[in-house]
Amino acid sequence: MAAATSGAGRCRLSKVGSGRRPPPARVRVAVRLRPFVDGTSGTSEPPCVRGIDSCSLEVANWRNYQETLKYQFDAFYGERSSQQDIYAGSVQPILRHLLEGQNASVLAYGPTGAGKTHTMLGSPEQPGVIPRALMDLLQMTREEGAEGRPWALSVTMSYLEIYQEKVLDLLDPASGDLVIREDCRGNILIPGLTQKPITSFADFERHFLPASGNRTVGATRLNQRSSRSHAVLLVKVDQRERLAPFRQREGKLYLIDLAGSEDNRRTGNQGLRLKESGAINTSLFVLGKVVDALNQGLPRVPYRDSKLTRLLQDSLGGSAHSILIANIAPERRFYLDTVSALNFAARSKEVINRPFTNESLQLHVLAPVKLSQKELLGPSEVKKAQGSEEEEIGSPEPTAAPVSASQKLSPLQKLSSMDPAMLERLLSLDRLLGSQGTQGTPLLNTPRRERMVLIKTVEEKELEIERLKMKQKELEAKVLAQEASDPKEKENFSLTMLRPLPRRTVTAAKPLKKAVVMPLQLIQEQAASPSTEIHILKKKGRKRKVRLTGGLRCTSNLTELESLDASEPEEKAEDCWELQISPELLAHGRQKILDLLNEGSARDLRTLQRIGQKKAQLIVGWRELHGPFTQVEDLERVEGISGKQMESFLKANILGLAAGQRCGPS
Ligand code: ADP
Ligand code: MG
């Protein structure tokens, strides 16, 4: 399985605490002094290094025997310290950060033969940092990712070496030199690098041992190639939240056995050796420059100047919890390399990293893309998931029963895992949306996040309904209490309660829709004036023309109106009317409107029907510009009053003026 070292296609949700700057975490530096080896156990020569306490050591100054150079670090492990001491004291504490979605790295630095590989890898009898860290990490992920815990965890491993500035995949030696890239979010990627899922230490060994063999074969053939290359083991811990909001975290652990830091000018290397040492020196020299640039706060840190530093961009001055283990040897012949290794270590401990949690939303939550269970689950869960999938197909859950076959169900959420009441509500909402012809994705086929929003809305609405019901009950209780206290009112009240509420006919949009027609007798009682004769024509229904003679009565007396209504049941049944106004009234009305148009202020003009403030101002403006209106139809020339509207405008206003006349001054 080939994959990049960091998940592409994810959207970073947050750097935890991204509002603030992540808290600093200084690169921690430990020094490990190995014992004398190869029978040189201190008999022929005294050690050139001496430990002072658990954090400091001193090196004899060969130029002046009376002097010593003292160094202080986060930890110092003397020649008698065990593999467990180093692991428990300096490495184990940073592993927990991986489960928080943060990066961590362990680098073994020092000259060839000083014990880097021993520290990192060790032997079957004395396992080093790598097997111990893997063992613990796998145990931790098993516990944290257990069924019922909020996150599902999976672990993958990649193993590469950087040899002569080439990135070689040790899990797939045929793949050739790989490129190191950085994505838009600053993650370092190696596209094409093999990534093996591991669930147990046996899994890890199965991949790691032959890969180390690849390196060892090279070492035999190339004479110590292994000490000329940087070996990088990358372990990724991927976490996926099982419940909303379905976050995803990724923590990367780099375990690096660096190439020897010895000064090759003194080794007399030639040919290939010289070329190799040049490459090693380049990357370690750049590593030194990176450390210096970070310490001095330079704007440009030369990560790109070597493959090693590019890969370590995350680990030095980046987002990782980093520990540098400087390995030194006690023999005199190592003296200069020891001093240079200690000087590098001393500079490195000043480097400040700012670790943050690398968190994103899971891909299947962001887009309604159907991912396979394999993609969604860690390898250990795939088997389990397959089992449950089969189970689901074999025996559909009883809660899924009300769902008809035609209904599309989300491929993203098992209905069986839903609350049956919620499912029922969702289905009815889905049906309702369907019946209203709502376009778009059916509710149950929407992505989970949107569905959650819909569910929330439904719940809120239900709460509102509940609140209203409560209020109604409260009001009813109040009424009952009132009835009990005042029996007289009770009678009236119960009458009111029993009587149906009068229905209101809203006619605002159609002013001609309803007309109240007075009985002929009443009309005759009015002081008839030929100028106020209005004809009402029936517009809808049979094209029967009803001609009524009389004026328009203006009244605010509801009872009278009701009685008038009752006296003309036939007319009341009709719902659309048109007015025909007598020529005299029309001429009279026209003149009044014309006078108003020529003499009225904007405010006066607004008393006319269908003239709002804007139109009134337009009329006044037009009048000032063009002089008085000669006829009402001139209004058509004023912007905003179309010819079509003129007729109804006239009728409405003449009617209004006539009514105003009858009712007294308006
Ligand atoms: P490097 O990887 O730095 O070149 P090695 O890890 O190969 O060095 O160590 C060189 C030799 O020293 C090996 O034989 C190794 O077993 C031995 N050695 C290194 N460190 C220790 C130690 N702490 N205790 C015992 N032997 C050690
Ligand atoms: Mg080595």
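# A predicted chain and the shell around its ligand

For G113, a backbone N or O atom is 2.6 Å from an oxygen atom of ligand 1. For K116, a polar backbone atom is 2.9 Å from an oxygen atom of ligand 1. T117 takes part through its side chain, where an N or O atom is 2.7 Å from an oxygen atom of the ligand. Ligand 1 on its own would expose 550 Å², and the protein buries 68% of that area.

The chain contains 20 helices and 20 strands. Of its 666 residues, 42% are buried. Its accessible surface amounts to about 36,700 Å², and carbon and sulfur atoms account for 54% of this surface. Where contacts link residues at least 6 apart in sequence, 70% of them join residues at least 24 apart.

Helix α3 covers residues 129-144 and has 16 residues; from its first C-alpha to its last it reaches 22 Å, close to the 22 Å expected at 1.5 Å a residue. The buried residues in α3 include V129, I130, P131, R132, A133 and L134, and also L137, L138 and T141. Helix α7 covers residues 335-348 and has 14 residues; its reach from first C-alpha to last is 20 Å, close to the 20 Å expected at 1.5 Å a residue. Within α7, the residues that are buried are Y335, D337, T338, V339, A341, L342, F344, A345 and S348.

The region at strand β14 brings together several local features. E241 belongs to this strand, which runs over residues 230-241. Why does E241 count as buried? E241 counts as buried because its relative accessible area is 10%, and the limit for this class is under 20%. The side chain of E241 has two polar partners to examine here. One is the backbone nitrogen of F246, which lies 3.3 Å from a polar atom of that side chain. The other is R247, whose side chain is joined to the side chain of E241 by a polar contact of 2.7 Å.

The loop between β14 and β15 (247-257) holds P245, and F246 is placed in the loop between these strands as well. Most residues other than glycine have a negative phi, and most peptide bonds are trans. Against that background, the peptide bond from A244 to P245 is cis, with omega near 10°. F246 is not a glycine, yet its phi is positive, at about 55°. F246 is also buried, because its relative accessible area is 7%.

A positive phi is found at Q164 too, where the value is near 50° in a residue other than glycine. Q164 sits in the loop between β9 (151-163) and β10 (166-169). Its relative accessibility is 18%, so Q164 counts as buried.

P197 lies in strand β13, residues 196-198, and is partly exposed, with a relative accessible area of 32%. P197 and V155 are 42 residues apart along the chain, and their C-alpha atoms are separated by 5.8 Å.

Is S54 buried or exposed? At a relative accessibility of 52%, S54 counts as exposed. When its neighbours within four places in sequence are left aside, S54 is in contact with A75 and F76. The C-alpha atoms of S54 and F73, which are 19 residues apart along the chain, are separated by 8.9 Å.

Terms used:
Residues numbered from 1 in each chain as written. Chains lettered and ligands numbered in written order. Predicted model: local features only at pLDDT ≥ 70, side-chain atom pairs only at ≥ 80, totals over all residues. Heavy atoms only, no water. Polar contact = N/O pair within 3.5 Å; in protein donor to acceptor, adjacent residues only side chain to side chain. Areas by Shrake-Rupley, 256 points an atom, 1.4 Å probe, with all protein chains shown as cover. Helix = DSSP H or I, 4+ residues; strand = E, 2+ residues; numbered from the N terminus. Expected span 1.5 Å × (residues − 1). Buried < 20%, exposed > 50% of the residue type's maximum accessible area, 1.4 Å probe, protein only. Contact = heavy atoms within 4.5 Å.
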